[in-house]
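Please keep the model open while reading.

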Amino acid sequence: MKKTILLLSLSAIVNFSCSNTKESKNGSDNTNSTVLSTDEKKDSTNIKHFFNSALTEGKSYEWLRDLTQNIGGRLSGSPEAAKAVLWGEKLMKDIGLDSVWLQPVMVPHWVRGEKEEANYTVNGEQKNVPICALGFSIATPSNGLTAEVIEVKSLDEAKEMGNKLKDKIVFFNGAFDNTLINTFHAYGGCVGQRFSGARVCSEFGAKGVIVRSMTNGIDDYPHTGSMGYGDIPKDQYIPAAAISSRAAEILSKDLKENPNLKFYFKQSCETLPDAPSHNVIGEIKGTEELEKIIVVGGHLDSWDLGEGAHDDGTGVVQSLEVAYLFKKNNIKPKNTIRIVFFMNEENGTRGAKEYAKQAKQNNEIHVAGLESDAGGHTPRGFSIDANENNTQLLKSWKKLLAPYGLHDLLKGGSGADISPLKNDEITLVGYRPDSQRYFDYHHTSIDTFDKVNKRELELGSASMASLVYLMDKYLYTEDKVKP
């Protein structure tokens, strides 16, 4: 009896394996159940070739290793950012793009200075706090800043406190809403306190601002990011820093028991004069619509604490691998495919603005844009910023994309670097991988190469190449886009 059961089990495994093999030859797990037209069958085959090439002969992972391990963090205006520009230019030439050039742009140059420090004392015990300055913040006095702390959960609550903030360090402790499945929505719900907290609180005489890090996890890593002072006078600027989420939890508890505790922090950051830099641009020339451009890109700069792996080294190498996969599979696009490594997304979007400005001045016709700036995790789909007709057209490609896990084709934003190109005709798309782990690393010292999974990265490159292929083939005809 046992032998019979074993034979039946082995037979089931073999049948299941053979069934999967048949399905995989068709390029997916469910293509057999989907009726495809002749053109769609050809498209399905080409998409399968993109995935096969990326997963067996892809270059993105080694490119990312080189960028992160040999250059590292690439804050705008830094020597590392300048090295990354030369790295990107050489790489584009090495893979044989038809033309490669550097587009000059002046970028902000903020420097962190010495490692920040922070602590406070309760019941005779000094507690050291993981802290980092926020981008564009001013420094504290050279001997640091000490003041009583007042806790708020939002900008609105800070405004309601009004003059109670005078001479205090304001502690913004608004946490992510962890009931939101898309963690970018949670980020959007509280990032305002990081960006505008110092500006709001300075109006009421606060001495400084510390902000809970923008993450859905509880960890010991402070997350940096941009902040701004708006149009307030420079003599009203106050220093702003982020503390780790675990430190925020502990500080909040200690404040309830010791409401008059004093917090100390010290940072020596400063903003230097703007520095020269470049966007890195390369093209595969179109065979039929040479003057029409589909731009694909990510941002080359990163924050300085880590290696800029998920943000946005992955986006840069995936964008270039789109071109590599087209060339590898001998796919000749109708439109010109332009790869752009944008500079200064993190603290100014100067590269994006300069690119859009030059495109307008040169009367360039951009018919589509695709941006990767959401990390290198497992592909989930794309968000679409387009007119209704083109939105519906992209959604109709789900039967070709869903077999590869690309189920989400949703109306939404595209990305900070391609959004300045927006008009009524252009179709802008954001690549959307799974977001659950992204804010574990975002803007931290642990955004490093080892946090990127090779297979997930390669699946993302193939996903992007597939969408670009479909947009190039179907999205635009002569009567849809007029010069």
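**Cavities, pocket, helix and strands**

The lining of the second largest cavity is made up of one nonpolar, five polar and three charged residues. This is a predicted model.

**Cavities**

- Two cavities reach 30 Å³ or more.
- The second largest cavity holds about 50 Å³ of space.
- Its lining consists of Ser302, Trp303, Gly306, Gly308, Asp311, Glu346, His443, Thr444 and Asp447.
- Trp303 is the nonpolar member of that lining.

**Largest pocket**

- The largest pocket has a volume of about 760 Å³.
- Among the elements giving two or more residues to its lining are the helices α6 (183-202) and α12 (438-441).
- The strands β14 (379-385), β15 (408-411) and β16 (427-433) also give two or more residues each.
- Helix α6 gives the most, with six residues.
- In total, 35 residues line the largest pocket.
- Nearest the centre of the largest pocket lie Asn182, Phe184, His185, Ala374 and Arg432.
- By class, the lining of the largest pocket has 12 nonpolar, 12 polar and 11 charged residues.

**Helix α8**

- Helix α8 covers residues 309-328, which makes 20 residues.
- Its end C-alpha atoms are only 25 Å apart.
- A straight helix would reach 28 Å at 1.5 Å a residue, so α8 falls short of that span.
- How many of the 20 residues of α8 are buried? The count is 18, so α8 is largely enclosed by the rest of the structure.
- Buried here means under 20% relative accessible area.

**Strand pairing around β10**

- Strand β10 (residues 270-284) runs antiparallel to strand β1 (residues 99-111), and 12 bridges join the two.
- Within this pairing, Ser99 stands opposite Glu283 in β10.
- Strand β10 is also joined to strand β12 (residues 335-342), by five bridges.
- The pairing of β10 with β12 is antiparallel too.
- Here Ile284 stands opposite Ile337 in β12.

Note on methods:
Residues are numbered from 1 along each chain as its sequence is written. This is a predicted model: local features need pLDDT of at least 70, side-chain atom pairs count only at pLDDT 80 or more; totals for chains, interfaces and linings use all residues. Side-chain values use heavy atoms; hydrogens and water are left out. On a 1 Å grid over the protein atoms alone, a cavity is a set of points where a 1.4 Å probe fits but cannot get out, and a pocket is an open set with protein on both sides within 12 Å along at least five of seven lines; lining residues have an atom within 4 Å of a point. Grid points are joined across faces, edges and corners, and a volume is the space filled by probe spheres set on the points. Helices (H or I, at least four residues) and strands (E, at least two) are DSSP runs, numbered from the N terminus. Buried means under 20% relative accessible area, exposed over 50%, partly exposed in between (1.4 Å probe, protein chains only). Two strands pair if DSSP finds at least two bridges between them.
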